[in-house]
Every structure is written in C-alpha cells, then in structure tokens.
Amino acid sequence: MADLQINRRLIMTPGPTLVDPRVSQAMSNQIWGQFDPDFTDIMDQTMALIRKSFSTNNRFSFPIDGSSRAGLEAVIGSIVEPGDDVLIPIIGRFGDLAVELAQRAGGNVHTIETDWGQVLDQDQIIAEIKRLKPKVVAMVHGETSTGRLQPLDRIGKAVRQIGGFLVVDCVASYMGTPVLVDDWQIDAAVGGAQKCLSVPAGITPITFNDRFAEAINQRKRVERGVRSAEDADQEAFITSNYLDLTQLQDYWSPRRLNHHTEATVSVYGLNMGLQLALEEGLENRYARHLRIHQALNAGLTALGLHIFNEGDHEMPMVTCVEIPASLGDGEAFKAMLLKEFGVEISSSFGSLHGKIWRIGTMGYVVEKTNMVNFIALLAAALLTAGVNVDTKAGLAAFNQVYSD
Ligand SMILES: Cc1ncc(COP(=O)(O)O)c(C=O)c1O
C-alpha cells in the first residue's frame, strides 16, 4: 500500500489552522461508545467549557458534528420556518451563506448590504429591525472573506425589543476576539473549531438560550423509533433530521436521546482545544491575536506591501494584503509560495478575488517565530517572483511593534 505522505506546511490561511500537538494527541486515544458513562462525563465537561468560551450561562451549549456551516445550518434551519421574515446584513461572502441557509429553510429574506471591505453602521441595522420586525436577524461577526469585524453589541437589544431572535456567525472571531453572547443578548451563536480554536474541522461549538429553545421546540419532532410518550407529534416540524437542534439538545442532556453516532474522537479534540484556550485565558488569547496582527501589518507594510483598508474594523485574525500589480490575480504566486516554500495563504471571493490575499493568524500559529518565518519566506517568494521587497525592513518593523 502506498504511504500517505503529509509534508510540513506553514498554514497561514483563515482556516484551517495548525493544530496544537496536544489536541492531536487527545484525538489519537481509543474510541469510546457515545453512551459510555465515562464519555458522557466528557460531554458534560465539554459543555461547561463551551459555555465559558462563549461567555454565557446558556445550558444549551454543545457541539454539532460537521464543519461550521453544519452549526449554522442547524441553528438557522431550526429557528426559521417557511414564510418567516429574516433580516440579514451582508458585508461579504458569509453573509451570502446566511441568506442561502435561510432561503433553503423557507425564510422570506431581506438584506442590507455594503461594499465588501466595509462594515454596516449598527444604527442602520437597528432602523431596519424596527421597520421590518423580522422573526430572525442573522449576521456575521467576523467576515473572513473581507477581514472585517462587524460591530454588533447593540443589535441583540433591538431584536429582543421586537420579540425576534438574533443568530450570529462567530465562526472566525470565536476565541480570537471577544464574543460576549450574554452581554450582547445573542440568542444563538455558532463558533468555529478549525479557526482560532485550532482544532481539526469536523465539529462546531454552538450555544443558544432558553427563549430560543422554547421557540424551536414548537417544531420538535423525535423520530418514531426513539419517540417516548411525552414527544408530541407536531404538524409543523424542523425538516432536517441530522441538524435538528431539538433532537440534538436531547442527546446533549440527561435524556441522552439516541439520535446520531457521536464523533467521540472529535469531542476529545474539542475538549482539549478548549481546555488549552481557557488555560491560556481568554483575555490573554485575544491580546495575543491583536498584538501579532499589529506587528504583522507593520512588517508587511515595511516589506513594501499595502494592507487593504487598514484600520477600518479589521479582524485581528485575518490580514488582507493588496496583491502587487505585477502579479496579476496573485494565483500563480500563491501556488508557488505553497509548492516552493511550504506556506499557504488564501485568495478571496467575489469583488475582492484577484485584488487581495488573506493571511490568517489564528490560534496555535499565532506566535513570534511562526510570524518571523512567514515574513521571511513570503519576502523570499516575492523576490523570486520579481517583486522588490525590503526583507530587512519587514523583519525589523515586525520585531519592533511586537516588542513594544
Ligand atoms: C465567517 C465564516 N462563516 C462560515 C464559514 C463556513 O465554515 P465551514 O467551512 O467550517 O463550514 C466560514 C469558513 O471559512 C467562515 O469564515
């Protein structure tokens, strides 16, 4: 049988990111059955860790098996019923994903948009909420496609005043910058494993509050083979079985509803990733991301590159760099950087495709030596491609801002 050859890489994309070896180690343990009491203890412990990670007291804080869009689809598909008005502020590609998911759930979607690279004013969003009175407002906190952090701390209050529900995609911002679910009155939030938490993709932490639970339970349906007397047979029910939060909540609770076969190994990885993050301390973790982001911006600028919309609501975990004109759409350079130098960065989508590269500084990769390596390798590749950069100035600027 052929060997599986996995060469070393420096992954500097906005997900997936490099994984802490302690997470990989945790995932190499033996499989446990999903109802083994030792495993259900780990489930309970993992739920407690998820609560802390989202700064919430929500009892329903558990992971969904699948990448982050599975979490988004579970949340949106469980709260949005056919014909419901849904307001979605769009600042990039993942706003469009929310539209896609809400439409697939039968929602009547209304949008407010701005140019990619900008954020929306909270007052403008609040005015639309008051005007439309939607049942659900779904928005993206960290818009990875444009590198923008959408302010949303005042949206939850406005949504609650009209009796609606605020759903937030915190996939990329989670564990890299504050996501204060209770303080911001977010009704349901979806985080990401393979981004600032640095856990392999395939599991997604989510949280939702009791009023959200009450609303989705109006459409609860437990499949016949595992139904019990207290499970009413609703006429209107959530259409997905796998991503039905009402059944998942019953699996992640003392009822231990026999729903799916849990990916126990992914839960070990998530549990370890969360333990490591909380041991570091959330504030320290956020500060680490910000400090590296500022130093990297300085380093790249001193090399001779331009940061896209610098200072304008930048995400501290995604650096957007304008592609030098001589490199066309930047795709050939990006491929060369990976093949010749083992470094992976990302392009973008839509109107920003061919204009910017996106450099992810998320979780485990975010430390000085990785960044120094990255700047040096990027500079070497740019010089190879005929772009005149000042490597010495780039490294010096990084070091100076990092040490300040
Ligand atoms: C903001 C945001 N939302 C949603 C997703 C989708 O996540 P996944 O690819 O894990 O399904 C991503 C992934 O890049 C993202 O950055």
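Colleague: What should I know before reading?

Modeller: Residues are numbered from 1 along each chain as its sequence is written. The model is predicted: local features need pLDDT of at least 70, side-chain atom pairs count only at pLDDT 80 or more, and totals for chains, interfaces and linings use all residues.

Colleague: How is a pair of packed helices described, and at what angle do the axes of α2 and α9 cross?

Modeller: Two packed helices are described by the angle between their axes and the distance between the axes. Here the axes of α2 (residues 37–53) and α9 (residues 264–280) come within 9 Å and cross at roughly 40°. Helices are DSSP runs of H or I, at least four residues, numbered from the N terminus. Axes are lines fitted to C-alpha atoms over the stretch in contact, with angles from 0 to 180 degrees between N-to-C directions.

Colleague: Which residues of α2 and α9 meet?

Modeller: Among them are F39, I42 and L49 in α2, and V267, L270 and L274 in α9; contact means C-beta atoms, placed from the backbone, within 7 Å.

Colleague: Into which domains is the protein divided?

Modeller: Domain 1 (20–278) and domain 2 (282–403), with bounds from an automatic or database domain assignment. Their contact takes 23 residues from domain 1 and 22 residues from domain 2. The C-alpha centres of the two domains lie 30 Å apart.

Colleague: Which residues come nearest the ligand?

Modeller: Of the 13 residues around the ligand, S67, S68, R69, T144 and V171 come nearest; a residue counts if its C-beta atom, placed from the backbone, lies within 6 Å.

Conventions
Helices (H or I, at least four residues) and strands (E, at least two) are DSSP runs, numbered from the N terminus. Two residues are in contact if their C-beta atoms, placed from the backbone, lie within 7 Å.
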